[in-house]
Number of protein chains: 2
Amino acid sequence: MTELTDKEKMTRIRNVLPPDEELYDLAEVFKVFGDQTRVKIMYSILRGELCVAEISDVLEMTQSAISHQLRILKNAKLVKSRRDGKVIYYSLDDDHVAQILRIGTEHLEEQNEKGEE
Amino acid sequence: MTELTDKEKMTRIRNVLPPDEELYDLAEVFKVFGDQTRVKIMYSILRGELCVAEISDVLEMTQSAISHQLRILKNAKLVKSRRDGKVIYYSLDDDHVAQILRIGTEHLEEQNEKGEE
DNA sequence: TGTACATATGAACAGATGTAAATATGTTCA
DNA sequence: TGAACATATTTACATCTGTTCATATGTACA
């Protein structure tokens with residue numbers, strides 16, 4: 001068991017980190033989660049697909065604002081779409097999205113409980 | 001089995017959504033995850049605590065920049081700290097943080113696999 | 001007490017972000 | 001084809017965010 005110098009310790013930790021590009025992409029994904037409107041959209045389609053107009057109705061926001069946010073969600077592959085005639089239905093893209101929402105919510109609840117003690 | 005009017009359908013969905021304040025807080029938490037520097041910090045302390053100077057070393061960023069981001073992480077309860085003399089050690093606050101990082105990474109990997117097909 | 005060291009904070013600035021308004025695209029159906 | 005409808009896109013703008021630089025706070029130890 002040899003002792004590590006500080007420099008060696010830092011190098012080791014640096015080597016364990018995922019590559020910069022991966023960390024960048026990861027931050028980009030979370031950035032997409034980090035907006036109230038987009039969180040609301042994801043929650044509103046958590047139990048099943050909705051079209052743009054329905055989402056606008058539910059959130060009481062303009063069609064333009066919703067459409068912009070849907071594009072961002074779709075680019076990040078958090079949401080997918082399906083066309084049926086004029087109407088386009090949106091739903092969550094994969095199960096990770098719902099999982100992240102759930103764990104985030106759990107985190108909040110746990111922190112709230114801690115705060116009450 | 002009665003048919004629902006569009007208005008009733010929207011009202012139902014709206015009623016299933018968590019309260020606005022909760023969705024706001026949730027977005028705020030994800031916002032904190034949504035920065036490359038903060039993601040790097042969280043990853044660097046994933047396997048054990050590090051002090052501010054060590055994190056600065058690993059990420060090759062100024063002490064000030066790291067300290068600012070640590071405060072944001074701490075306010076969001078994603079990170080906790082422990083003082084030992086002059087030195088302050090930081091570590092992840094609860095297991096949800098690591099879980100969210102992991103699921104986010106899984107999501108990216110899965111999307112990359114899909115893209116390769 | 002005073003010096004050295006570790007970390008935190010405040011101000012300022014460049015760059016990024018979300019929304020509304022207007023307009024464009026794409027689809028259906030007469 | 002053209003009118004009507006659903007959604008997407010462009011532009012513009014106000015607001016927010018991360019970093020640097022300078023400085024303050026807090027701790028240990030002589």
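Predicted model: local features only at pLDDT ≥ 70, side-chain atom pairs only at ≥ 80, totals over all residues.
Entry 1. I then looked up where B:Pro18 sits: the loop between helix H1 (6-16) and H2 of chain B. Leaving out residues up to four places away in sequence, I found that B:Pro18 touches A:Tyr43 and B:Leu23.

Entry 2. I looked up the contacts between the chains and noted 50 residues of chain A against 50 residues of chain B. The area buried between chain A and chain B comes to about 4600 Å². Carbon and sulfur atoms give 69% of that area. I also checked which three residues of chain A contribute more than any other three: they are A:Phe30, A:His96 and A:His107, with 13% of the area that chain A buries against chain B.

Entry 3. I went on to charges and polar atoms. Between chain A and chain B I have six salt bridges on record. For one salt bridge I noted the side chains, A:Asp20 and B:Lys40, with 3.2 Å from N to O. Polar contacts across the interface of chain A and chain B number 16 residue pairs, with both residues at pLDDT 80 or more.

Entry 4. Which elements of chain A supply the side that touches chain B? I listed helix H1 (6-16), H2, helix H3 (36-44), helix H4 (52-59) and H6 of chain A, each with at least two residues. H6(A) gives the largest share of that side, 13 residues. By residue class, the side of chain A that touches chain B has 23 nonpolar, 18 charged and nine polar residues.

Entry 5. I then took H6 of chain B, residues 95-116. Its 22 residues should span 32 Å at 1.5 Å a residue, and I found the end C-alpha atoms 32 Å apart, which agrees. At the start of H6(B), I saw a side-chain oxygen of B:Asp94 within 2.9 Å of the backbone nitrogen of B:His96.

Entry 6. Which residues of H6(B) are buried? I wrote down B:His96, B:Val97, B:Ile100, B:Leu101, B:Ile103, B:Gly104, B:Thr105, B:His107, B:Leu108 and B:Gln111. I looked up what covers them: from chain A the cover includes helix H2 (20-33) and helix H6 (95-116). From chain B the cover includes helix H2 (20-33), helix H3 (36-44) and strand S3 (87-92).

Methods
Residues numbered from 1 in each chain as written. Chains lettered and ligands numbered in written order. Heavy atoms only, no water. Helix = DSSP H or I, 4+ residues; strand = E, 2+ residues; numbered from the N terminus. Expected span 1.5 Å × (residues − 1). Buried < 20%, exposed > 50% of the residue type's maximum accessible area, 1.4 Å probe, protein only. Contact = heavy atoms within 4.5 Å. Polar contact = N/O pair within 3.5 Å; in protein donor to acceptor, adjacent residues only side chain to side chain. Buried area = accessible area lost by both parts, 1.4 Å probe. Salt bridge = Lys/Arg side-chain N within 4 Å of Asp/Glu carboxyl O. Nonpolar A, V, L, I, M, F, W, Y, C, P; charged D, E, K, R; others polar.
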